Amino acid sequence: RMGYIFQNYFLMPELTALENAILPITIAGRDGRERAEFLLHEVGLGHRLEHLPTELSGGEQQRVAIARALATDPDIVFADEPTGNLDSRNGREVIDHLIQLVDQHKKTLVVVTHDDHLASLGDRRLELKDGKIQS
């Protein structure tokens with residue numbers, strides 16, 4: 001019921017982009033090739049399905065991680081600093097894909113970020129300062 005996007009991607013290095021995106025569906029005991037291909041196309045990686053993570057840029061790896069997080073059709077997606085390891089151009093591109101997908105698929109997105117621009121895109125913003133939520 002939950003999907004998770006890690007800051008450091010955590011893709012399996014020996015698996016292709018497609019295999020990484022299929023992985024959570026396979027663990028759930030279902031055939032997920034069609035859904036994983038669809039999601040990778042949605043994030044602009046339809047032409048990189050058979051590439052290993054080492055053959056992908058950081059932005060492309062993060063987009064694979066987004067597809068993987070959405071693969072099981074979760075109700076809520078958690079993203080931990082989804083642009084933290086990306087330059088500003090790739091960060092904006094990843095966020096555009098992420099926001100578009102969660103809107104399109106009607107998912108709840110919870111993001112932890114230090115990026116003020118990214119934080120400003122949410123419907124609700126909570127700030128944590130010195131271990132306490134600021135209102």
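Predicted model: local features only at pLDDT ≥ 70, side-chain atom pairs only at ≥ 80, totals over all residues.
Asp87 caps the N-terminal end of helix α4: show its side chain and you will find an oxygen lying 3.2 Å from the backbone nitrogen of Arg89.

Next, select residues 88-104, which make up α4. This helix has 17 residues and spans 24 Å from its first C-alpha to its last, close to the 24 Å expected at 1.5 Å a residue.

For one group, pick Asn90, Gly91, Val94, Ile95, His97, Leu98, Leu101 and Val102, which are buried. Why do they sit on the same side of α4? Their arc around the axis is only 165 degrees, so they share one side of the helix. For the other group, turn to the other side of α4, where Ser88, Arg89, Asp96 and Asp103 are exposed.

What covers the buried residues? Bring in β1 (2-5), α2 (33-42), α3 (58-70), β3 (108-112) and α5 (116-120), which are among the elements covering them.

Stay with helix α3 and select Arg63, which is found there. Is Arg63 buried or exposed? With a relative accessible area of 8%, Arg63 is buried, because the cut-off for buried is under 20%. Show the side chain of Glu93 too: a polar contact of 3.3 Å joins it to the side chain of Arg63.

For a last stop, show the residues that Arg63 touches, leaving aside its neighbours within four places in sequence: Val43, Gly44, Leu45, Glu93, Val94 and His97. You have already coloured Val94 and His97 as buried residues of α4.

Note on methods
Residues numbered from 1 in each chain as written. Heavy atoms only, no water. Helix = DSSP H or I, 4+ residues; strand = E, 2+ residues; numbered from the N terminus. Expected span 1.5 Å × (residues − 1). Buried < 20%, exposed > 50% of the residue type's maximum accessible area, 1.4 Å probe, protein only. Arc of directions from axis to C-beta. Contact = heavy atoms within 4.5 Å. Polar contact = N/O pair within 3.5 Å; in protein donor to acceptor, adjacent residues only side chain to side chain.
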